[in-house]
Amino acid sequence: MKIVNTIKDLREELAIFRRQGANIGFVPTMGALHKGHITLLTKAVSECEVVVCSIFVNPLQFNNPDDLKKYPHTPEEDLAMLQQAGCQLVYLPLITEIYPPGFQALCIPLNNIDKYMEGAYRPGHFEGMLTVVKRFFDLVMPDKAYFGMKDFQQLALVRHMVNYFQLPIIIVPCETVRESDGLALSSRNRRLNPDQRKQAPAIYAALLHAKKHFRQWGIENTKTEVAKIIMQYPALRIEYIEICHIETLQPLPEGDTEKAGIFVAVYADEVRLIDNLILT
Ligand code: AMP
């Protein structure tokens, strides 16, 4: 496994793979890797001859400076996990090359896909995310790129961006990987203390409950019931609960239960957790 930091070295390594005619899979991450990331990697390894992974904690997508400061870093463990998973090339970019002086954030119409949920509660987050993903796509020019469904709205926006620019990249969605008690794996889970960790699985339990009763309860009652479950846990504080169309990501009106997904953001004290589940 090769590790590169500069655009020049990245291009040189990629050129070798391209000369061999290899198809290239790409997994962008912010590090502090866990089994969720590795599932993306493993899928990429199974589908592509060469897999490139980037690790870059993108300051542009953090709307909360404290969240950025506390974002976990585990570089040695990350590299060992990538090597083990069969990654051939790791790109650890220099921030000065990703954002040279005078760079401009990506600005494209987002068709309101960013209007609710994460887009509403984390202003600037998706512009920052899309800016860096577009930059990586231009540099790596992968055939396929892998994204987790845990960040469902992110995945929808990346697909939209690829479609908008007509990029020749296949976006591969990957199922959310969970702990045995249902908690969605997240780099931020490392920040949970034992008590918060014990309460956090209630989020997924509430989503499963919603899925079971959604058709009978309808939209508003389902949201109320999910809130009731989560609010039983003193460490948990709901930021939003939305039921949206899984393609447009617009909130569904009462009575419309097709292609519905439930999306939540919940704070376990100061640690922000998101999760979602397709309902129908
Ligand atoms: P991050 O490092 O948090 O930016 O995540 C990098 C990629 O891993 C994104 O496409 C995420 O959606 C994906 N990912 C993060 N957590 C999970 C998970 N629990 N299951 C599946 N994919 C995940």
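A contact here means heavy atoms within 4.5 Å. The model shown is predicted.

**Figure 1. Overall fold of the protein chain.** The secondary structure of the chain comprises 10 helices and 9 strands. The radius of gyration is 19 Å, close to the 19 Å that the globule rule gives for 280 residues, so the chain is as compact as a globular protein of that length. Along the principal axes, the C-alpha trace spans about 55 × 40 × 40 Å.

**Figure 2. Contacts and burial in the protein chain.** Among contacts between residues at least 6 apart in sequence, 75% join residues at least 24 apart. Of the 280 residues, 55% count as buried.

**Figure 3. Surface and charge of the protein chain.** The chain exposes about 13100 Å², and carbon and sulfur atoms supply 53% of this area. The side chains include 30 positive and 32 negative ones, with the centres of the two sets 1 Å apart.

**Figure 4. Position and contacts of Lys150.** Lys150 lies in the loop that runs between strand E5 (144-148) and helix H8 (152-165). Once neighbours within four places in sequence are set aside, the contacts of Lys150 are Thr176, Ala184, Leu185, Ser186, Ile274 and Asn276.

Figure 5. Lys150 is buried but has no salt bridge. The nearest side chain of opposite charge belongs to Asp151 and is 4.3 Å away.

Technical notes: Residues are numbered from 1 along each chain as its sequence is written. This is a predicted model: local features need pLDDT of at least 70, side-chain atom pairs count only at pLDDT 80 or more; totals for chains, interfaces and linings use all residues. Side-chain values use heavy atoms; hydrogens and water are left out. Helices (H or I, at least four residues) and strands (E, at least two) are DSSP runs, numbered from the N terminus. Buried means under 20% relative accessible area, exposed over 50%, partly exposed in between (1.4 Å probe, protein chains only). Lys and Arg count as positive and Asp and Glu as negative; His and the chain ends are not counted. A salt bridge is a side-chain nitrogen of Lys or Arg within 4 Å of a carboxyl oxygen of Asp or Glu. The radius of gyration is taken over C-alpha atoms; the globule rule is 2.2 Å times the number of residues to the power 0.38. Accessible areas come from the Shrake-Rupley method with a 1.4 Å probe; for residues, only the protein chains shown count as cover. The place of a charge is taken as NZ of Lys, CZ of Arg, CG of Asp or CD of Glu.
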